[in-house]
Amino acid sequence: MSIQQTKFLLHKNMILAVISMLYVSAVSGVFAAPAGATYLDEIDLSAATCGAGRHPRAKRTVEGGPIALAGKVFARGVGVHAPFTFKLLANGAAMRFTANVGVDDDMHDRPLASVRFLVLADDRIVADSGVLRAGERAVIDVNLAGAKWVTLKTTDAGDGYACDHADWADAAFVFKPGAKWGDAALAELSRQLGVLTPPESPAPRINGPSVLGVSPGKPVLYYLPVTGAKPIQVAVEGLDVDKLKEVTFDPKTRMLTGKVDTAGDYKLVFKAKNAKGRAERIFTLKVGSTICLTPPLGWNSWNCWGQEVSDEKMRRAADAMVSSGLADHGWSYIVLDDCWRTRPTEKEAGFKRPGWVRDPPHMYGPAREADGTPVSNSHFPDMKAMADYIHARGLKAGLYSVPGSMACCYTFGSWAHEEKDAATWAAWGYDLVKYDWCYGDREWKKAGNDRERQFKAYKLMGDCLARQGRDIVYNVCNYGRHEVTKWARAAGAHYWRTNNDLKDTWKLLLRSIDQNMEVADAAAPGGWNDPDMLVVGPMRSNSFTTSRLTPNEQYAHISLWAVMASPLFIGCDLERLDPFTRSLLVNDEVLEINQDTLGKVGRPMVHTSEYDVWIRPLADGSHAVALFNRTWEEIEIPADFAKLGLPSSCVVRDVWSQKDLGEFRDRFTASIPGHAALLYKLSKSKE
Ligand code: GLA
């Protein structure tokens with residue numbers, strides 16, 4: 001197949017541009033899909049990537065309107081935003097691809113709207129529309145026979161992706177007789193893993209970390225997470241020592257509260273029983289200078305609500321954290337991200353803001369009260385009451401600010417009010433602060449080079465938070481820049497971002513993993529590397545449907561975040577948690593690896609272009625091993641014990657399925673489907 005076998009017709013003022021002479025006579029201005037073809041809008045495009053944080057839409061433009069090209073409305077097709085890429089494993093089963101392509105008519109008056117459509121068969125370009133602008137339409141009809149991979153691309157035509165709403169109208173594949181999307185020929189796209197987490201046992205199980213770090217004299221706030229058939233009775237032993245006289249445990253609310261003035265490690269034993277059995281867990285209350293001894297587990301509003309966040313949505317998230325059962329698996333923080341504060345109007349700000357900043361009037365308002373107290377916008381009538389509501393459910397509350405005067409969402413920041421802000425947040429009862437660099441350079445530019453000024457800005461807030469009368473977990477969010485892993489801990493941080501924002505695409509997932517891997521050494525109890533929030537489940541980027549990562553990729557995501565000891569912040573709508581997403585978040589053995597008290601992070605001992613073998617030593621002497629398939633195809637991945645520094649004979653447990661697989665000598669090999677990672681726990685065999 002060559003470019004000569006491809007034809008294009010450009011419909012612009014009836015100009016006909018024909019690359020191939022083969023089909024000229026058959027073509028009018030619009031090309032209908034051949035009979036029996038499979039429309040592109042019937043195919044699962046969750047693995048596709050789009051620009052501007054969008055995702056492809058079936059039968060609609062990327063904005064949700066009707067598909068229209070050069071005045072012609074199409075009922076079928078896919079609306080995308082450039083740059084768009086979709087790679088289909090055709091395995092020779094795709095014979096032909098046809099489409100009408102162009103910039104959607106909704107951008108008819110935008111000079112910046114220009115795109116280019118490409119079709120690749122394996123690595124060869126077999127169709128190239130050239131640059132198309134608003135009002136132009138081209139036809140693609142291309143022979144694909146023999147291609148293993150077919151790639152559809154819409155590029156920004158070199159002038160940036162602004163306004164690039166593009167359509168693949170009436171786009172369709174002709175597959176070989178008998179081959180259909182989703183079966184035989186295309187199934188090799190990869191066996192997708194379903195739910196692996198076993199159903200919750202009715203017997204009681206005590207979950208969550210087995211250690212809690214608290215500063216001397218500051219309030220203890222701990223909810224004991226327990227699963228099992230209700231009613232469950234819980235109790236604690238070990239509080240009857242003098243130094244713990246101000247600590248109480250309420251078996252009804254399962255809350256451990258109070259304070260301890262003297263530093264030390266205090267051993268407690270939590271107990272749970274119900275009609276089906278009993279459970280016990282040894283727990284250490286570590287009173288000292290280090291808090292956040294295991295990575296925090298929680299939910300954050302940003303991926304879900306962005307600018308639309310409100311007090312009501314936060315409360316609903318807290319309720320859903322409890323009603324979904326997640327709180328009983330150890331999930332505890334409810335974090336309010338950007339957009340809770342006021343912002344100036346564009347006129348007050350004195351500069352033009354980008355179009356994505358919508359200005360709902362509820363956000364306008366003064367930055368501060370007369371005494372300097374930060375003002376929340378009218379979607380947050382009472383920040384203290386909201387924190388109280390979260391605490392009343394046994395959860396912890398977090399909020400967001402920035403070191404400059406303007407946050408990423410153009411709301412006000414903490415610049416020159418750091419002490420006041422920290423004191424206010426503590427008085428309101430917040431337990432976590434995410435401090436995001438955003439436009440910090442504006443105010444901090446005179447404070448040294450990039451690294452110096454970020455350190456100063458972050459340390460200033462870190463010191464303010466540490467002076468408060470409650471423990472506040474401090475998150476430095478500077479997107480992994482300026483060697484943050486080398487100074488964040490000294491700035492008082494408990495976790496720090498190691499990369500730019502993660503979205504639910506494979507490419508960005510790999511970026512987060514690969515960048516995090518390089519700084520593994522920086523993490524230890526009290527300070528963790530943060531490859532960003534979880535992108536599983538229904539959230540904004542996928543119009544509240546479900547993550548654009550395939551199920552296998554979601555296993556890679558959670559398995560790697562467990563071995564990397566990453567903070568886990570769910571970013572989806574907890575009220576719309578589907579059974580698959582929930583199963584990823586409630587696997588107690590996976591969470592136990594993430595929360596392991598040894599606090600040594602995992603590393604890839606084997607790292608090839610095809611697969612990784614990650615290993616993480618655990619407190620009980622065993623090791624967590626993640627077998628990570630970077631390819632599309634299912635492959636056998638060997639865990640070679642000698643290479644991994646493991647004993648020659650190991651007992652292997654499949655962590656996701658929670659099943660013992662038996663004893664293995666020298667190596668353990670598993671078949672891992674494309675783009676997935678699975679977790680195993682390897683313990684030395686008994687002699
Ligand atoms: C940045 C951060 C995100 C989020 C937004 C809020 O992009 O990296 O996690 O906090 O700002 O505006």
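At what angle do helix H3 and helix H5 pack, and how far apart are their axes? I looked it up: H3 (residues 311-323) and H5 (residues 383-392) pack at about 10 degrees, with axes 9 Å apart.

**Ground rules**

I noted that this is a predicted model, in which local features need pLDDT of at least 70 and side-chain atom pairs count only at pLDDT 80 or more, while totals for chains, interfaces and linings use all residues. Residues are numbered from 1 along each chain as its sequence is written, and side-chain values use heavy atoms, leaving out hydrogens and water. Helices (H or I, at least four residues) and strands (E, at least two) are DSSP runs, numbered from the N terminus. Axes are lines fitted to C-alpha atoms, for helices over the stretch in contact, and angles run from 0 to 180 degrees between N-to-C directions.

**Entry 1: H3 with H5**

I wrote down that H3 and H5 are therefore roughly parallel to each other. Angles under 35 degrees count as roughly parallel, over 145 as roughly antiparallel, 65 to 115 as roughly perpendicular and the rest as oblique. H3 brings Asp-311, Met-314, Arg-315, Ala-318 and Asp-319 to the contact, and H5 brings Ala-385, Met-386, Tyr-389 and Ile-390; contact means heavy atoms within 4.5 Å. I sorted these residues into 6 nonpolar, no polar and 3 charged. For that sorting, Ala, Val, Leu, Ile, Met, Phe, Trp, Tyr, Cys and Pro count as nonpolar, Asp, Glu, Lys and Arg as charged, and the others, Gly among them, as polar.

**Entry 2: H6 with H8**

Next I looked at H6 (residues 418-428) and H8 (residues 450-466), whose axes come within 9 Å and cross at roughly 40 degrees. H6 and H8 are therefore oblique to each other. On the H6 side I found Glu-418, Glu-419, Asp-421, Ala-422 and Trp-425, which meet Leu-460, Met-461, Cys-464 and Leu-465 of H8. The contact of H6 with H8 divides into 6 nonpolar, no polar and 3 charged residues.

**Entry 3: the parallel sheet**

I traced an open sheet of 8 strands in the order E29-E28-E27-E26-E25-E24-E23-E30, with parallel pairing; strands pair if DSSP finds at least two bridges between them. E29 (528-530) and E30 (568-570) are the edge strands, each pairing on one side only. Neighbouring strands here are turned by 25 degrees against each other on average, direction ignored. Inside the sheet, 3 bridges join E24 (residues 333-335) to E25 (residues 396-401), and Ile-334 has Ala-397 in E25 as its bridge partner. H6 turned up again: H6 packs on this sheet, touching E25 and E26 (432-436), and its direction makes about 160 degrees with that of E25.

**Entry 4: a hairpin**

How many residues lie between E35 and E36 in their hairpin? I found 4, and Gln-658 in the turn has a positive phi of about 55 degrees. E35 (residues 649-654) and E36 (residues 659-665) run antiparallel and are joined by 6 bridges, with Asp-654 opposite Lys-659 in E36. E35 is also joined by 5 bridges to E38 (residues 677-684), again antiparallel, and there Val-651 stands opposite Ser-683.
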